[in-house]
Amino acid sequence: MTTLSLGRKKNRQRTDAIQKFVIYLILIGGAVIVLFPFLWTFSTSLKTPDQVYQIPPQLIPNPAEPSNYVRVLVDRPFARWLLNSLFVVVISTIGTLLSCSLAAFAFSRLRWPFRDKLFLVLLATMMLPTQVTLIPTFILFKELGWINTYFPITLPAWFARNAFYVFLLRQFFMTIPLDLDDAARMDGASHFQVYWRIILPMSKPALGVAALMFAQFKWREFLAPLIYLNRTESLTAAVGLRTFMDETHGTDWELMMAANILFMAPVVTVFFFTQRYMIQGVVITGVKG
Amino acid sequence: MAAPWIFGFVFFIAGPMIASLYLSMTRWDLFTPPRFLGLDNFHALLTDDNTFWLSFRVTTLYAVFSVPIQIAVGLALAQLLNQKIRLLGMFRSVYYLPSVLSGVSIAIMFRWIFGTQYGLLNGALKLLGIEPVSWLGDPDIVLLSFILMSVWGSGANMLIYLGALQSVPTELYEAAEVDGAGSFRKFFKITVPMITPVIFFTLINGIIISLQEFQTPFILTEGGPANASLFIVLYLYRHAFQWFKMGYASAIAWVIFFYVLVLSVLVLRSSKAWVYYEGSLKGRGE
């Protein structure tokens, strides 16, 4: 009796071990498939033009050519483009946080006519394909003489154009007890003071998640800078990357990949240090960034 | 306090929508005044424009394959990670990484990887003795390349499912084990039904996103070869910003909007048959 169950136990342990082994094999294989393109990009960014076209390809370039990075930053305006992107990201992230948290406050803690109906409208705008508003918005900004300025790609953020963040912040504000507001109002606080002194300080985690998600989205935004910016020096990095592709003279792949690494590095670094919050944000809201 | 949003809604959403609807009924090149055409643009688009239908087909095919595969791969990864596994956090971050970077940089990376002569993928195939494939140059293959690339980024779905899997009550599994259910049965009879609301969400979201695909074809192929990767939004972009046919482009925008709407409503309708909300369980059980 005991030997039988012991044998069974052993058998079970063995199948468990095999199962574990297979799971790890799949997971590691998948991780290699995901990571290899990045390694390859990095490897290409350190090659000389000759090494780029070498067959069979080398994974570890010898000799390595780190000067590609200098060329991208000095000979091409990529340093300028990275700064432009940083500027756009900072300005629009501040705008999004302020305008979306204000709206979220109004939709979650104040009573006013048509509030709930308007909130449904707001939810509907989250699903609206941007193409429907693209052309008239382009014409509006063109008439205002704002082509080749940063207004078209930063200003809408100050008016809660990305309704998703209103939704996200509202979800969080709803978890804060209303008693706090009432107590503050008893002491003579205005709506704005309640918002600024009580709700915002209590919502730092949610504001952080929103800022990270929005900044990430803005950093890689492509269509808007593509149509609004066409002077070389004013491009954002996402659009500037494309200029390394050259159909007539052939693409300088090693420079393009160096630029790509420089473009991805800040995002990966921020992700590395904040992934716990970002992953939480995605899991809570159930939405990709 | 909702004033900024209301202002933004009026000037950046509602106003442009009305303007866009009007423009879709005109011919306008930005330089001469718009000329009212009624529904002529839509008529031409739907009955006369073969390129439009080609782009419609390309976009639909891409959505039909990439969205379900991304869901399946994301679910499989989440299920694998939802166990006692060492380095769980590391795997999760690695799989999610492409979603953090999605867009231009990924497209540029894959343009290099998909290269016929010097690309990494063909290099790897050569080791297996397989002839080089023209991933981006062959009209019959190019869409497959796009789908492969989208599957590579399935980590976004994985993360959402992982959150959902962790909220499935363990009692359900224990009860099933008592009844002698194997892990396969448990997955399809408990796990999948319990997380259908999240699958439903990723399905709708995936459809909306894939129908609006623009940067990837713009960078990888510019719609080629022979328009075999001409996604609808890329076609719209050509009309609006290369040929300055603002009226016709607006009509395309409304067709995309309508298509997204119809598909979303269809999925929503179907959801009654397959999406399972916990509220209904409670209603029955107590």
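This passage goes through the overall build of chain A and then a helix pair in chain B. Everything here comes from a predicted model.

Walking along the sequence, the pattern simply reads α-α-α-α-α-α-α-α-α-α-α-α-α-α. The chain is more spread out than a compact globule, because its radius of gyration comes to 26 Å, well over the 19 Å that the globule rule gives for 289 residues. Along the principal axes, the C-alpha atoms of chain A fill a box of roughly 80 × 70 × 35 Å. Of the 289 residues in chain A, 40% are buried. As for who touches whom, take the chain A contacts with a separation of 6 or more: 72% of these link residues 24 or more positions apart.

Over in chain B, helix α4 (residues 88-101) meets helix α8 (residues 155-165), with their axes coming within 7 Å and crossing at roughly 130°. On the α4(B) side, the contact is made by Arg92(B), Tyr95(B), Tyr96(B), Leu97(B), Pro98(B) and Ser99(B). Helix α8(B) answers with Gly155(B), Ala156(B), Met158(B), Leu159(B) and Leu162(B). Sorted by class, the residues in this contact between α4(B) and α8(B) come out as eight nonpolar, two polar and one charged.

Definitions and conventions
Residues are numbered from 1 along each chain as its sequence is written. Chains are lettered from A and ligands numbered from 1 in the order in which they are written. This is a predicted model: local features need pLDDT of at least 70, side-chain atom pairs count only at pLDDT 80 or more; totals for chains, interfaces and linings use all residues. Axes are lines fitted to C-alpha atoms, for helices over the stretch in contact, and angles run from 0 to 180 degrees between N-to-C directions. Helices (H or I, at least four residues) and strands (E, at least two) are DSSP runs, numbered from the N terminus. Two residues are in contact if their C-beta atoms, placed from the backbone, lie within 7 Å. Ala, Val, Leu, Ile, Met, Phe, Trp, Tyr, Cys and Pro count as nonpolar, Asp, Glu, Lys and Arg as charged, and the others, Gly among them, as polar. The radius of gyration is taken over C-alpha atoms; the globule rule is 2.2 Å times the number of residues to the power 0.38. A residue is buried if 20 or more other C-beta atoms lie within 10 Å of its own, exposed if 12 or fewer, and partly exposed in between; C-beta atoms are placed from the backbone.
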